[in-house]
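This report goes through the features of one structure in turn, from its aromatic rings to its pocket, its salt bridges and its backbone.

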Amino acid sequence: MVVADPVRLFERKLAKAPPAEITMNGDDVRDWETSGLDPAGKVGDRYMIELDEDGIATWEKVDEELVDWGDDFFLQGTFNNWERDAMERSDSIMGLWVAEITLGSSGMEHFQVVADDDDEKVYCPDRANCISKAAPVQGPKKAGKEKSWVIRGRPGETFKVEFFQQDSKRSILWMKA
């Protein structure tokens, strides 16, 4: 049995959705309303997209002021059988959280950051099996295990993982401990 990727299924359904509705409230385009993507949107804006049973998409801009970024952070991954290990809050740098990962016999471990021990608040890279520390950090959101960072090294090596999060500013870094 083949399990379909839910993100790809959603993207296919979204591509088949009819065009957004536009309500023209006067002559000034800035006063118009749309059920689609905001024409004044900027790179980095986040949207909640809802597809109804008829395949009609409604786009709603996410107000970053209302996002619950999380208060406590955990690492989960192949190194701990996807259980959650608490990260330590830095005493000197606000928004910095630190933990360690020791590489197993394969010399490779996958990991994600989870806020508040909540499956709906996963921080992950924008691609599967990511080895890049510079890849954009996505989240908090629900994410599959394939959307994880990968640390490679010699079996038994320990790496320090630093996760920085202040509102919408997020970064991830790892280095040999």
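Which residues do ring pairs link into a cluster? The cluster is formed by Phe73, Trp97, Tyr123 and Phe163, where rings of Phe, Tyr and Trp (its six-membered ring) pair if their centres lie within 6.5 Å, planes under 30 degrees apart being stacked, those over 60 edge-to-face and the rest tilted.

The model is predicted, and local features therefore need pLDDT of at least 70, side-chain atom pairs count only at pLDDT 80 or more, and totals for chains, interfaces and linings use all residues. Residues are numbered from 1 along each chain as its sequence is written, and side-chain values use heavy atoms, with hydrogens and water left out.

**Overall layout and rings**

The protein contains one helix and 14 strands, helices (H or I, at least four residues) and strands (E, at least two) being DSSP runs numbered from the N terminus. Its C-alpha atoms fill a box of roughly 65 × 50 × 25 Å along the principal axes. Of the 177 residues, 29% are buried, where buried means under 20% relative accessible area, exposed over 50%, and partly exposed in between, with a 1.4 Å probe and protein chains only.

Seven aromatic pairs are found in the whole structure. In one of them, the rings of Phe111 and Trp149 have centres 5.5 Å apart and planes at 35 degrees, so the pair is tilted. Because Phe111 lies in strand S9 and Trp149 in strand S12 (residues 149-152), this pair ties together parts that are 38 residues apart in sequence. Both Phe111 and Trp149 are buried.

**The largest pocket**

The largest pocket holds about 1,500 Å³ of space, a volume being the space filled by probe spheres set on grid points that are joined across faces, edges and corners. A pocket is an open set of points on a 1 Å grid over the protein atoms alone, where a 1.4 Å probe fits, with protein on both sides within 12 Å along at least five of seven lines, and its lining residues have an atom within 4 Å of a point. Of the 38 residues lining the largest pocket, Val7, Tyr47, Gln138, Lys141 and Lys142 lie nearest its centre. Two or more lining residues come from each of helix H1 (6-16), strand S3 (47-51), strand S4 (57-61) and S11, and H1 gives the most, with six residues.

**Salt bridges**

There are nine salt bridges in the structure, each a side-chain nitrogen of Lys or Arg within 4 Å of a carboxyl oxygen of Asp or Glu.

| Salt bridge | Distance | Relative accessible area |
|---|---|---|
| Lys121 and Asp116 | 2.9 Å | Lys121 11%, Asp116 25% |
| Glu157 and Lys176 | 3.2 Å | Glu157 12%, Lys176 54% |
| Lys160 and Glu162 | 3.4 Å | Lys160 30%, Glu162 17% |

Salt bridges that share partners also join Asp68, Asp116 and Lys121 into one network.

**Backbone features**

Most residues other than glycine have a negative phi, and most peptide bonds are trans. Asn81, in the loop between strand S5 (73-77) and strand S6 (85-86), has a positive phi near 55 degrees and is exposed, with a relative accessible area of 65%. For Asp117, phi is likewise positive and near 55 degrees; Asp117 is partly exposed at 46% relative accessibility. A cis peptide bond with omega of about 5 degrees joins Gly139 and Pro140, and Pro140 is found in strand S11 (residues 137-141).
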